Amino acid sequence: MSVEVDVGVIVVVEVDRDGDGDVAGRAVYIELVRWLLSFLLAAAAADPGDEPAYGPELEGFDYAFPVQPFAFESQRQKLLMSYLDVSPQAPNGRTVVLLHGKNFCAGTWESTIRALTQAGYRAVAPDQIGFCKSSKPERYQYSFQQLAANTHALLEHLGVQRIILLGHSTGGMLAARYALLYPEQVEQLVLVNPIGLEDWKALGVPWRSVDEWYARELKTSAASIRQYEQATYYAGQWRPEYERWVQMLAGMYRGPGKEIVAWSSALLYDMIFTQPVLYELDRIQAPALLIIGQKDNTAIGKDAASPELKKKLGDYPRLGKQAARRFPHATLVEFPELGHAPQIQDPGQFHGALLKQLVR
């Protein structure tokens with residue numbers, strides 16, 4: 001067996017030395033070597049002497065596109081919602097609104113925004129309240145309805161009426177809620193590895209108080225983020241370009257506002273855990289496109305579940321098919337080798353499938 005490692009590329013070649021063509025027996029060993037090399041590459045990408053610290057609203061971290069502010073009032077507070085609004089050179093008259101996940105930001109959509117705008121779509125990507133470059137109020141009644149209302153207010157501010165709504169991960173839960181609240185506005189719903197396709201609480205995952213979530217979040221580090229993302233988002237793979245998103249998150253936990261960042265995260269986890277939307281998917285009338293990386297295993301609170309339950313949670317090959325049957329009108333696209341973030345792990349494959357399936 002020969003192994004080559006070259007700046008983000010791992011190639012494992014099995015050589016049939018005896019000429020009998022029998023190499024299958026060593027497949028598990030090859031996979032172990034591949035995983036080990038990927039892990040070592042991830043560790044090498046993390047230079048502890050070059051870890052940035054960012055402000056509580058991600059001050060110091062730049063997105064690929066200009067960030068704009070939307071000032072509004074909500075729950076007796078003045079808040080600021082940051083967003084990206086990127087116009088295509090040759091507009092087709094359609095707007096795609098991109099909703100990020102729990103450990104993602106508007107900026108992490110950058111390759112998808114480029115693909116959409118090159119295809120003629122206007123792309124609007126907000127940072128939700130409590131996330132990234134937007135306000136993180138200490139006291140806020142977080143709900144998917146509230147975040148949907150905030151997003152609707154932003155779109156009214158921008159004069160956007162009809163939309164294709166694209167949500168990833170937690171953004172998928174939000175997108176489903178938005179489609180239920182504002183059905184006349186959504187011409188197509190696109191869900192990329194949405195979480196909330198199972199009710200963790202009802203299945204027996206232990207409840208955590210916000211204080212417990214907060215204590216957990218205060219322990220967040222680049223190493224813990226990297227380990228989780230490699231296993232879940234990228235199906236065990238790692239490339240140097242993923243490190244940027246690790247440092248984006250970890251930098252806020254190293255910065256001067258780490259307490260409010262951790263507190264906001266705790267409040268958001270409570271929202272996600274206690275507000276399932278899967279029971280209402282059958283009421284969504286917009287045509288739904290589900291894009292599912294089959295090697296995803298995301299389940300909120302899984303680390304606190306019993307060993308028996310843990311094995312059953314986050315089974316996306318099953319959950320994707322079940323979700324597709326819940327919608328009145330759904331198309332399911334599956335990526336057998338991709339994890340929770342197919343748009344980052346394999347942008348070419350993801351964007352090809354996305355653009356092919358968008359309503360015209």
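**Rings, charges and cavities**

Author: Let's start with a group of rings. In this predicted model, ring pairs join Phe104, Tyr228, Tyr233, Tyr234, Trp238 and Tyr242 into a cluster.

Reader: How many aromatic pairs are there by this rule?

Author: The count comes to 14 aromatic pairs. One of them is formed by Phe61 and Trp245.

Reader: Why is the pair of Phe61 and Trp245 called tilted?

Author: Two values settle that. The centres of Phe61 and Trp245 are 6.3 Å apart, and the cut-off for pairing is within 6.5 Å, so the two rings pair. Their planes are at 50°. Stacked needs under 30 degrees and edge-to-face needs over 60, so this pair counts as tilted.

Reader: What makes Phe61 and Trp245 a link between distant parts of the chain?

Author: They're 184 residues apart. Phe61 sits in the loop between helix 1 (27-45) and strand 3 (68-74), while Trp245 belongs to helix 8 (residues 243-254).

Reader: Are Phe61 and Trp245 buried or exposed?

Author: Phe61 is buried, and so is Trp245.

Reader: Which residue lies over the face of Tyr269, and how far is it from the ring centre?

Author: That's Lys102, at 4.3 Å from the ring centre. Lys133 lies over the face of Tyr63, at 5.2 Å from the ring centre. The distance cut-off is within 6 Å, so Lys102 passes that part of the rule, and Lys133 passes it too.

Reader: What lines the largest cavity?

Author: Its lining is Gly172, Met173, Ala176, Leu191, Pro194, Ile195, Gly196, Leu197, Val277, Leu278 and Leu281. Helix 4 (residues 170-181) gives the most to that lining, with three residues.

Reader: Why does the lining of the largest cavity have two polar residues?

Author: Gly172 and Gly196 are in the lining, and Gly counts as polar here, so these make the two polar residues beside nine nonpolar and no charged ones.

Reader: And which residues line the second largest cavity?

Author: Among them are His100, Gln128, Thr170 and Gly171. The whole lining divides into five nonpolar, four polar and no charged residues. Helix 4 gives the most here, with three residues, and helix 3 (144-158) supplies at least two.

Definitions and conventions. Residues are numbered from 1 along each chain as its sequence is written. This is a predicted model: local features need pLDDT of at least 70, side-chain atom pairs count only at pLDDT 80 or more; totals for chains, interfaces and linings use all residues. Side-chain values use heavy atoms; hydrogens and water are left out. Rings of Phe, Tyr and Trp (its six-membered ring) pair if their centres lie within 6.5 Å; planes under 30 degrees apart count as stacked, over 60 as edge-to-face and the rest as tilted. Helices (H or I, at least four residues) and strands (E, at least two) are DSSP runs, numbered from the N terminus. Buried means under 20% relative accessible area, exposed over 50%, partly exposed in between (1.4 Å probe, protein chains only). A charge sits over a ring if NZ of Lys or CZ of Arg is within 6 Å of the ring centre and within 35 degrees of the ring normal. On a 1 Å grid over the protein atoms alone, a cavity is a set of points where a 1.4 Å probe fits but cannot get out, and a pocket is an open set with protein on both sides within 12 Å along at least five of seven lines; lining residues have an atom within 4 Å of a point.
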